[in-house]
Amino acid sequence: MKTKGETRAGDVLLRIRDDILSCRLTPGEKLRFEILKDRYEVSFSTLREALARLSEEGLVLSEGQRGFAVAPVSIADLEDLTNARVLLDREMMRLSMQYGDDSWEAGILAVFHRMERLQERLGDNYQADAEWTALHSKFHTSLVSACRSPLLLDIRQKLFDRAHRYRRISAQFRASWRPKEAEHKIIRDAVLDRSPEALDLIEQHIRETTDNVLTSAAHLFPADVNIKAA
């Protein structure tokens, strides 16, 4: 059973992570303890623990004696992130198609159905909705969830979340959303059919998303960043 302190620390961790991924805490922003203490109504020790864990996820930078800052963004980081996601998703999807059973297939179908129905209710701007965003993440996780590697699943989710921050930043400059429902259905069917084509489809899906982010918001990202802890 978790203690009250552990529950509180976990709650604060989730809140700060959500504020970073949604860009309420902006890339490069200094995370000042006095301000955060009041904002999240927690102790300095709880804050430090949460920021240290987010540093391990690559969402926060530890700057030594200067404290912490939200991790910056750059074209180089986005491209590196994209390549890492492609490598992981392809291999985890291959393993899942090899090991997946009826329960795995049912999980994919269930979350796709929920995502599809929500899209129908929300209309054209569904991709900006927080509930749809959560279901979208669950759908992509369901495709690789039978890979039999909790470690890879954890790493993959952290990379997916980091990529979401780029999508969130670019959204404010996007003239129109790329319709993803057809892509998701094609990927779903290929995975359920255990088709090798599924691996190319997921790579194309990830890389096209990155291309769209760069088309919409490349002007916001430096080519590279080089920030070292003190």
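Let's start with two helices: α5 (residues 102–122) and α8 (residues 181–192) pack at an angle of about 170°, their axes 11 Å apart. Here axes are lines fitted to C-alpha atoms over the stretch in contact, and angles run from 0 to 180 degrees between N-to-C directions. The angle makes α5 roughly antiparallel to α8, a label for angles over 145 degrees. On the α5 side, Trp104, Glu105, Ile108, Leu109, Phe112, Met115 and Gln119 meet Glu181, His184, Lys185, Arg188, Val191 and Leu192 of α8, where contact means heavy atoms within 4.5 Å. By class, this contact holds seven nonpolar, two polar and four charged residues; Ala, Val, Leu, Ile, Met, Phe, Trp, Tyr, Cys and Pro count as nonpolar, Asp, Glu, Lys and Arg as charged, and the others, Gly among them, as polar.

A word on what you are looking at: this is a predicted model, in which local features need pLDDT of at least 70 and side-chain atom pairs count only at pLDDT 80 or more, while totals for chains, interfaces and linings use all residues. Residues are numbered from 1 along each chain as its sequence is written, and side-chain values use heavy atoms, with hydrogens and water left out. Helices (H or I, at least four residues) and strands (E, at least two) are DSSP runs, numbered from the N terminus.

Now turn to the strands. Three of them form an open sheet, in the order β1-β3-β2, with antiparallel pairing; two strands pair if DSSP finds at least two bridges between them. At the edges sit β1 (30–31) and β2 (60–62), each pairing on one side only.

The whole structure holds three cavities of 30 Å³ or more. A cavity is a set of points on a 1 Å grid over the protein atoms alone where a 1.4 Å probe fits but cannot get out, and lining residues have an atom within 4 Å of a point. The volume is the space filled by probe spheres set on the points.

The largest cavity has a volume of about 60 Å³. Its lining consists of Arg85, His136, His140, Phe160, Arg167, Lys180, His205, Ile206 and Thr209, that is, two nonpolar, four polar and three charged residues. Helix α9 gives the most, with three residues.

The second largest cavity contains about 30 Å³ of space, and its lining includes Leu78, Tyr166 and Val213. Helices α4 (75–99), α7 and α9 each give two or more residues to that lining, which divides into four nonpolar, two polar and two charged.

Methods:
1 Å grid on protein atoms, 1.4 Å probe; cavity = no way out; pocket = protein on both sides within 12 Å on 5 of 7 lines; lining within 4 Å. Parallel < 35°, antiparallel > 145°, perpendicular 65-115°, else oblique.
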